[in-house]
Amino acid sequence: MWFRDTWYNYFKAEHSSVNMQFNPDCWTKSLKLYWDKKYKESFLELLKYTNKKIKNFQTSENVFRIPHWSIFVDIDFSGSEIKISSDFLDVSSANKVPLFRRIVELNFSLNLTQIKYSEDKFKFEFSCDLELYDPYKMFDILSEICYFSDKFDEEFCEQFWAKNISEASVKEIPDNKKEIIYKNFKDIISSNMKIIEDLESRRRNNYAWDVISTTYKMIDYSCAPKGSLALRISEKVAELYNRDQSLETIIFRWKEFLKDISEMPKEDFFKNLYETEQFIPNKKVATKEQIAEYLRPGYSDAYQDLQSGDFESAYLIFMHILYNSMYYHIMPVWMEKAIVKAIKTGSNSPVNQMQVWVLSWRIAEIINLQNIPSNSTNFFSGLLVFIWWIIAWIIMSMFGN
């Protein structure tokens with residue numbers, strides 16, 4: 001069996017995780033209050049579910065103004081109606097005819113909200129009677145506003161000279177960290193490109209596709225680009241699953257894209273590195289049980305390859321599903337730690353049969369929810385360790401004297 005000397009390298013995430021902001025207990029409370037027809041209380045718990053510090057954005061009772069990237073989402077359920085709106089674009093100086101055409105097209109894509117025009121401004125708007133409140137529907141509305149504003153505001157500003165109505169609250173990343181992220185970005189592409197080309201030379205194009213897909217998700221995990229670069233990568237990820245194109249065409253075009261972004265000037269790359277407030281990130285919120293189920297089908301395919309002796313195929317599928325799980329989901333922090341631990345098992349060292357078997361066992365543990373503590377379990381474990389160290393320090397001090 002053939003193996004490369006080394007396969008994927010692991011690059012540490014140099015950004016803050018959004019996983020801790022979601023509170024599953026509040027979602028459970030929101031549903032219970034909804035079933036009891038306590039709609040306002042349910043909506044409040046729904047907002048707490050999205051962010052435990054949501055009251056920082058409360059302007060009055062049941063009225064919120066919540067930042068998300070370059071917009072603010074205004075929510076008012078203080079009366080008999082639910083009103084949700086969000087500033088989107090100032091078009092006073094825009095090229096209006098083509099922009100308005102795109103806005104009309106976008107409105108047809110929206111399921112629940114509408115983009116409305118007034119006084120040279122576009123806003124997302126939704127309203128309904130309080131009696132029609134449903135937590136699933138409200139979360140979908142908020143997600144839709146956040147997703148479409150993220151996806152199109154920068155594009156419309158660049159192409160049609162529109163302007164953001166609100167100014168994004170951006171936290172700059174230190175220059176030394178930007179340098180690390182830029183180096184990681186270049187290294188991910190260059191090292192993975194060698195794997196892709198090697199697989200192509202041996203006509204294992206299915207697995208070259210896996211590596212291309214994994215490369216995009218490694219960039220997302222390690223570098224967390226924002227702005228236009230993040231949008232371009234997300235579009236390319238979506239297009240990877242377009243079965244109207246041949247596998248060879250997809251591999252060629254997506255290799256060209258990786259080469260193109262790898263040659264991006266450092267100054268332009270740095271423009272896509274920053275941190276900002278997020279309300280509803282463009283990822284699915286998942287429990288550890290849901291992540292386990294997400295991993296199960298891919299694990300089963302890879303395990304069959306492992307048993308048949310195709311260790312290379314098994315390795316590539318294992319690593320693909322691990323990075324996929326983090327790319328598409330917001331998950332409990334301890335589940336993410338377990339997945340990162342498994343990724344490290346399959347990185348930065350020569351890959352051999354035993355290494356792939358160990359990786360398989362790590363993923364099996366995750367799927368079976370073994371050795372994945374809850375937050376409370378970890379807190380008390382950490383507290384016990386802290387107390388033990390205090391006692392040890394006191395004893396050592398006594399003997400030292």
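Select helix α1 (residues 24–35) and helix α2 (residues 39–50): they pack at an angle of about 165°, with axes 8 Å apart. That makes α1 and α2 roughly antiparallel, because angles over 145 degrees count that way. The axes are lines fitted to C-alpha atoms over the stretch in contact, with angles from 0 to 180 degrees between N-to-C directions. Helices are DSSP runs (H or I, at least four residues), numbered from the N terminus.

A word on the source: this is a predicted model, where local features need pLDDT of at least 70 and side-chain atom pairs count only at pLDDT 80 or more, while totals for chains, interfaces and linings use all residues. Residues are numbered from 1 along each chain as its sequence is written, and side-chain values use heavy atoms, leaving out hydrogens and water.

Now show side chains where the helices meet: W27 and L33 are among those in α1, and L46 and Y49 among those in α2. Contact means heavy atoms within 4.5 Å.

Next, jump to helix α11 and pick A314. Is A314 buried or exposed? With 0% relative accessibility, A314 counts as buried (under 20% relative accessible area, 1.4 Å probe, protein chains only; exposed is over 50%, partly exposed in between). A314 touches A302, D305, L306 and V356, leaving out residues up to four places away in sequence.

Beyond its neighbours within four places in sequence, F318 is in contact with residues including Y299, A302, L306 and V356.

Note on methods: Helices (H or I, at least four residues) and strands (E, at least two) are DSSP runs, numbered from the N terminus. Angles under 35 degrees count as roughly parallel, over 145 as roughly antiparallel, 65 to 115 as roughly perpendicular and the rest as oblique.
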